[in-house]
Each structure stands twice: as C-alpha cells, then as structure tokens.
Amino acid sequence: MSIHIGNAESAPPFSTAAHTALQNQQLRQNVRNATNIIQAKRNNMAGELPDWEELRNAGHSIKTHTLQYLDQYLEEFEANVTRAGGHLHWAIDADEANEIIRRIIADRAGKEVIKVKTMTSNEIRLNAYLEQQEITPHETDLADLIVQLGNEEPSHIVVPALHINRTQIRDIFRKELPLAQLGIENLTDDPAQLAEAARLYLRHKFLTVGIGISGANFAVADTGAVVVVESEGNGRMCLTLPDVLITLVGIEKIVPTFRDLEVFLQTLPRSATGERMNPYNSIWTGVTPSDGPSEFHVILLDNGRTDVLANGEGREALACIRCGACLNACPVYHQTGGIAYGSVYQGPIGAIITPQLQSLEHSQTLPYASSLCGACYDVCPVKINIPEILIFLRGEIVRKQQSTLLGKLDPENMAMQAMALVFSSSGLMTTAEAFAKFAQNVFVHDGFIHRLPGMLSGWTNSRDLMPLPKKSFRDWWSHRKKDSAP
Amino acid sequence: MSNSRSAILARIRAANQNRPSDRQQAWALLPRNYCAQGTLNPTERLQLFDERLRHYNGTPFYSTGDVRTDIAKILSDRGRRTLIVPPGLPAEWLPDGFRFMRDENLSKQALDAADGVVTGCTLGIALTGTIVLESSPTQGRRAATLIPDYHLCILRKDDIVELVPEAIRCLEPVKDHPLTFCSGPSATVDIEMTRVRGVHGPRTLDVLLI
Ligand code: SF4
C-alpha cells in the first residue's frame with residue numbers, strides 16, 4: 001500500500017518549519033489578521049444559537065455512531081448511489097484513487113478538468129499526478145486558484161490562501177492571469193476587483209470543460225446523496241455543467257440519514273466562516289435526467305483512515321467535519337500559520353490526523369505542536385477532544401520509538417529511563433537534588449535558566465526554566481515535621 | 001477494485017468488534033436535544049426572513065396580489081429584458097413587454113447570454129435567510145439558476161419555516177431530487193476574510209413574496 005498525505009512524509013519537523021515561519025513578519029501579520037476576523041465572526045454565530053451545545057453533542061454522537069457502523073453505512077451508500085445511476089469505486093490508497101480518476105478521464109479523452117475545492121484531492125496529490133499524465137487541472141475556488149497560480153502551499157483547510165494578503169494576490173494575478181485578454185486594465189488590490197478578475201477568467205472554463213472533480217462535505221447513506229457546501233458558486237458550476245462528474249470522498253464523510261444534515265448544516269457554516277448559512281449548499285443523488293452531468297462517479301477513499309479507526313482513542317479524529325475552527329482558535333497556529341505543519345491538514349486537527357493517517361511513521365513532531373490549552377476542543381462543532389488525543393499520540397509515538405533498538409539507545413530515552421529510576425527512589429532523589437542545586441548556579445541569570453548545555457539544550461531552546469529553589473518541598477516537609485513535633 | 005472494497009470493509013469490521021447489533025435502534029437513541037420546532041408566529045417569521053435575507057444582500061419584495069404586475073415592476077426596475085423561465089412556471093405570471101425563454105434544454109451559452117432567470121421556490125428558512133430550490137418544472141434545472149447573473153425567485157409566504165431542522169423535515173419527500181440552498185447571492189471570503197458579493201453565481205438575488 002502507498003499511503004500519501006500530500007508531501008507530509010518529506011516535510012521538515014514542525015519545530016524547524018515553525019522557526020522559519022516565525023521569521024516571516026508579513027506572513028504572521030496576514031495570519032493574525034485573518035484568524036482574528038474569522039474567530040470573532042464564529043464566536044458571534046455560535047453564541048447566537050441557544051442550542052449550540054446540544055447541536056455539538058448531537059454532532060458528536062452522530063459521528064461516533066457512524067464510525068461504529070461505518071461498513072454498513074458505506075454499503076448502504078454504495079447501493080443508493082448505484083440505484084440512482086452513479087458509479088461507485090473503492091480506493092484503498094492515494095495511488096489507486098489517482099489511477100481510477102485517470103482512467104475515467106482517459107475514457108473521455110479529456111485533457112482538462114475543472115475542480116472545486118477538495119482537501120482530499122490535495123491529500124492524494126491529484127494535481128501533480130494529472131499534470132504528469134498531461135491533463136490540466138483548473139482549480140476554481142478563489143483561494144485555491146490563488147494558491148495554484150502563485151505556486152504556494154495551502155495554509156488553511158477552509159481558506160487555503162489565508163496567509164496571502166490582497167496586495168500579494170493582486171501581484172499573483174497580474175503575473176499569471178491573461179488580464180489584457182479578459183479586458184482588465186490596472187487591476188488594483190480591491191477584493192471586489194480581484195474576485196471579478198477570477199470570475200471572468202474562470203467563466204470560459206466553466207462553460208467549456210467537460211469533466212468536473214469535487215470533494216464532498218457529507219455523503220448521505222440512506223439516500224446516496226452527496227453534499228457540497230460552498231460560497232462562490234464555483235462548486236455549483238463544477239457539479240452541474242460538465243458531462244462527467246467525479247467526486248472523491250473520504251470514507252469518514254458518511255452521515256447515516258438525510259435528517260442528520262439538520263445538525264451539520266447548522267454547525268458547519270457557523271464554525272467555518274462565521275455565517276448563519278454559507279451562500280450555497282448543493283445536495284444531489286446519482287444522475288438526474290436533463291439536470292446536470294450524465295455520468296457520475298464516486299470514489300470512496302481509505303488512504304489510512306481504517307488504520308485511524310483501529311487506533312483506540314485516536315479514532316475520534318475521524319469525526320472531523322473540516323470546519324477549520326480549531327485552526328482559528330489555536331495560539332500556535334496564530335503564530336506559525338499553516339505551512340509549518342507540512343500537511344494538507346494543518347492546525348490542531350492536522351496535528352492529530354496527519355500522523356495517524358501515516359500509521360505514526362511520519363509527521364511525528366506534529367502532536368507536540370500544541371500548548372494543550374484546550375481552545376480547539378472548546379470550539380469544535382463535533383466536540384473532538386483534541387488535547388486528549390494529542391497526549392495519547394505523544395505516548396504512542398514514544399512507545400513506538402522505544403520499541404526499536406535505535407529508540408532504546410536514544411539519549412532522550414536513556415535520560416527518561418534514568419529519571420524514572422531517580423524519581424522512584426527517595427535516596428537517589430535527595431542526592432540528585434543536592435547535586436542539581438549546586439550545578440545549576442553557573443546557568444542562572446536574572447532568576448531564570450535561559451540555556452542549558454549539551455543534550456539538555458533541547459529543553460531550553462523553546463522555553464526558560466525556573467531554577468530549583470533553595471529549599472525543596474521535600475526538605476521543607478521533613479523539617480516541618482521535626483519542628484512541629486510535640 | 002472489489003479487492004479494495006472487501007479489504008476496506010473488513011478493516012472497518014475488525015476495528016468495531018464490540019458494537020451493539022441493532023444499528024437502527026442505536027441511531028434512534030442518539031441525543032437530539034436541539035431546537036427542532038420554531039416558536040415565532042407567521043408575521044414574526046416573515047420579518048425574520050426579511051431581515052436575514054437582506055443581511056446577506058438578497059432583496060425581498062412583497063406582492064400586491066397581482067404577481068404578473070409585481071414581476072413586471074421588479075424586472076423593469078432592474079433593467080432585465082431577456083429572461084430564462086423553467087418549463088412549468090405558470091404562464092399567467094409572465095407579463096408582456098419582456099422576452100421569456102422557456103428552458104427546454106437551452107445551451108449553456110444561451111443561459112449565459114440571458115439577463116436573468118425567474119423561478120419558483122420550495123421553501124424559505126427564516127433564521128438563515130435561505131431559499132431552497134429543487135429540480136422541478138417550476139424551479140428548473142440547476143444550471144438555469146446558476147449561469148444567469150440575475151435571479152428573481154417567487155416564494156409563498158406560507159412556505160417559510162423558521163429553523164433549519166424544520167426545513168430538512170419538510171424536504172424529506174423530495175430528498176433525492178437535486179436541492180440547492182441559496183443564502184444571498186454568491187460571495188467569497190477568500191481575500192482576507194472579507195465577504196465580497198458576487199463571484200460565479202447570480203450577483204443579484206431578488207425574492208418576491210406572495
Ligand atoms: S477538529 Fe473540530 S474544529 Fe477542527 S476542523 Fe475538525 S470539526 Fe472543525
């Protein structure tokens with residue numbers, strides 16, 4: 001099997017990438033501005049509903065239940081898609097999904113496709129694969145178009161170009177769009193003008209390209225319906241105008257019934273963009289004669305999801321509806337932006353899903369990209385306990401590393417083993433304390449330890465340390481007992 | 001392909017060994033303590049719909065009782081002359097002095113060339129200012145309400161519900177038709193999270209309440 005989560009397997013460790021991001025003042029300012037706006041809007045919209053907590057509870061329960069019976073719901077979904085004239089494919093990994101998509105396009109001798117935002121297609125690196133096959137993918141979501149034209153990396157699961165400001169977007173458009181041909185002179189950085197340029201550029205593609213590719217926000221088992229939630233109308237264009245539509249769906253996107261949408265169609269828009277409802281939701285089932293594509297394919301993608309399902313507490317990460325609220329609320333994301341995560345899934349959800357999808361073989365530093373403050377859990381519309389999963393994964397990763405010989409000989413592991421020994425013996429502890437109190441003197445400046453030597457520097461690279469007090473609690477306790485003895 | 005199917009299903013089953021056998025019962029017992037029933041009276045509901053529709057740049061109009069005249073007034077105020085209409089939109093709604101083209105499989109280019117589209121509507125949701133369209137003779141196919149730059153939608157006041165769950169429950173009978181929820185005209189927040197009106201869908205949305 002070849003499971004790829006974008007290019008996560010070759011991404012640098014989070015701490016290294018974060019360090020680079022922190023040097024980029026412009027990026028930090030762009031991220032801060034955008035996340036502040038979106039967070040304030042989200043808080044208003046969530047606060048406005050008296051039953052918000054009940055909706056979160058319901059969302060959590062529906063998703064947990066679905067994961068428990070996922071095999072049955074997938075089979076039901078498959079039967080309903082097929083009954084309604086759609087074709088259903090199963091892809092165990094990224095390679096298989098790419099190959100299925102290539103075959104469908106080749107059958108139609110297609111050379112171009114129009115795409116509506118799908119993180120899942122980024123996950124399987126579909127665009128790069130299609131380009132290798134000399135098929136041109138056109139991203140049609142404004143943010144994705146900006147990222148594609150600017151040769152950037154997406155930095156946010158809902159607003160991929162969140163790290164790019166209006167002036168930078170204007171520059172990308174001036175460089176990459178045929179503005180003269182579109183009749184646009186003197187493009188400014190006014191958002192309305194930028195959106196208009198994208199409208200003019202893409203309209204021709206919408207009217208002429210015969211194959212569309214989409215993702216799905218939800219796939220409904222009891223009807224076989226697929227749901228796409230969007231703002232611009234590019235989704236509707238891709239879903240209805242081409243003759244052939246290919247929809248790539250992660251297997252965790254299933255909801256049991258049409259009725260269940262009444263929960264998620266409230267929590268998703270309010271959490272994602274801070275709107276009561278986003279401009280457009282499309283819900284469709286199979287093919288409808290004389291309305292929309294005449295050929296419809298759904299690809300159900302595993303690509304590591306069944307491993308996550310088998311990963312104890314970690315499986316809850318599959319309940320995610322990709323609203324992005326946890327990114328916007330995260331103090332770490334605020335500082336670094338999304339690219340440092342090295343994954344198509346960034347922020348707190350990225351930190352728990354990316355390593356798990358790769359069986360904890362890659363992206364092992366991501367669960368540490370958090371201060372465990374719990375803000376992500378508070379805003380999550382499906383109540384995923386992200387901090388708890390982060391801690392669980394830290395443990396799993398350490399256990400995994402310890403299980404190899406190299407891991408056993410790792411200095412950090414040996415230090416931890418030694419510490420465990422010291423902590424378990426009162427005599428050794430007293431000796432160690434006395435030694436440390438004496439040895440630390442050379443490192444204390446202004447009441448803090450800013451830098452430790454050698455192996456210990458790993459700890460002080462990203463934090464200051466309080467020196468050990470003159471009198472430890474254990475000292476005080478043993479003296480106190482003597483002093484106050486009757 | 002079928003190998004992947006059975007492999008995926010087998011892995012899911014292996015990961016879920018201790019589940020109660022009755023799935024339907026488990027679903028029925030899921031907690032649903034959120035509001036599923038609105039509390040507003042019809043007048044308040046209409047007011048809320050009006051306010052929320054405007055909030056996202058849609059414009060409500062109120063019928064004088066003569067739909068034909070209402071439509072004529074709105075269209076001429078908007079300067080729209082050539083309009084797409086779905087095959088089943090009542091002919092008595094269509095005033096003289098405009099060019100109405102019945103959408104019997106018009107080409108995308110023909111849809112693009114029109115000034116706008118006039119359709120019926122399945123229901124409105126007051127809390128979110130949403131209109132819901134289904135693929136039907138009076139509401140047309142999805143492309144017809146998408147490509148033209150202007151949409152005039154005719155909605156019965158009685159078809160407005162207050163909450164999203166009420167809407168979903170009303171839609172149960174048509175749940176396998178293509179459905180489109182529209183909340184205001186198309187928009188984007190992709191540039192610095194600022195809502196810009198009008199990208200690819202109709203840039204102007206009018207709702208005539210009858
Ligand atoms: S984990 Fe929760 S808050 Fe984060 S993206 Fe997923 S659903 Fe949204």
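Let's start at the contact between chains: Glu172(B) forms a salt bridge with Arg259(A), with the closest N and O atoms 3.6 Å apart. By salt bridge I mean a side-chain nitrogen of Lys or Arg within 4 Å of a carboxyl oxygen of Asp or Glu. Glu172(B) sits in the loop between α6 (164-171) and β9 (179-182) of chain B, and Arg259(A) in the loop between β8 (254-255) and α12 (261-272) of chain A, so this pair joins two chains. Helices (H or I, at least four residues) and strands (E, at least two) are DSSP runs, numbered from the N terminus. Glu172(B) is partly exposed at 23% relative accessibility. Arg259(A) is partly exposed too, at 26%. The classes are: buried under 20% relative accessible area, exposed over 50%, partly exposed in between (1.4 Å probe, protein chains only).

A word on the source. This is a predicted model, where local features need pLDDT of at least 70, side-chain atom pairs count only at pLDDT 80 or more, and totals for chains, interfaces and linings use all residues. Residues are numbered from 1 along each chain as its sequence is written, chains are lettered from A and ligands numbered from 1 in the order written, and side-chain values use heavy atoms, leaving out hydrogens and water.

Now the whole interface. How many residues does each chain bring to the contact? Chain A brings 95 and chain B brings 74, counting heavy atoms within 4.5 Å as contact. The two chains bury about 8000 Å² between them, 57% of it on carbon and sulfur atoms. That buried area is the accessible area (1.4 Å probe) that two parts lose on being put together, summed over both.

Charges next. The rule finds 16 salt bridges across the interface. One more pair to look at is Arg142(B) with Asp291(A), at 3.0 Å, N to O. There is also a network of salt bridges linking Asp71(A), Glu75(A), Glu78(A), Arg5(B), Arg13(B) and Arg19(B).

Over all chains, the search finds 37 salt bridges. Inside chain A, take Lys115(A) and Glu139(A), with closest N and O atoms 2.8 Å apart. Lys115(A) lies in strand β2 (residues 112-115) and Glu139(A) in strand β3 (residues 136-139), so the pair ties together parts 24 residues apart in sequence. Buried or exposed? Lys115(A) is buried at 1% relative accessibility. Glu139(A) is buried as well, at 5%.

Last pair: Lys400(A) and Glu361(A), 3.4 Å, N to O. Lys400(A) is partly exposed at 31%, and Glu361(A) is partly exposed at 46%.
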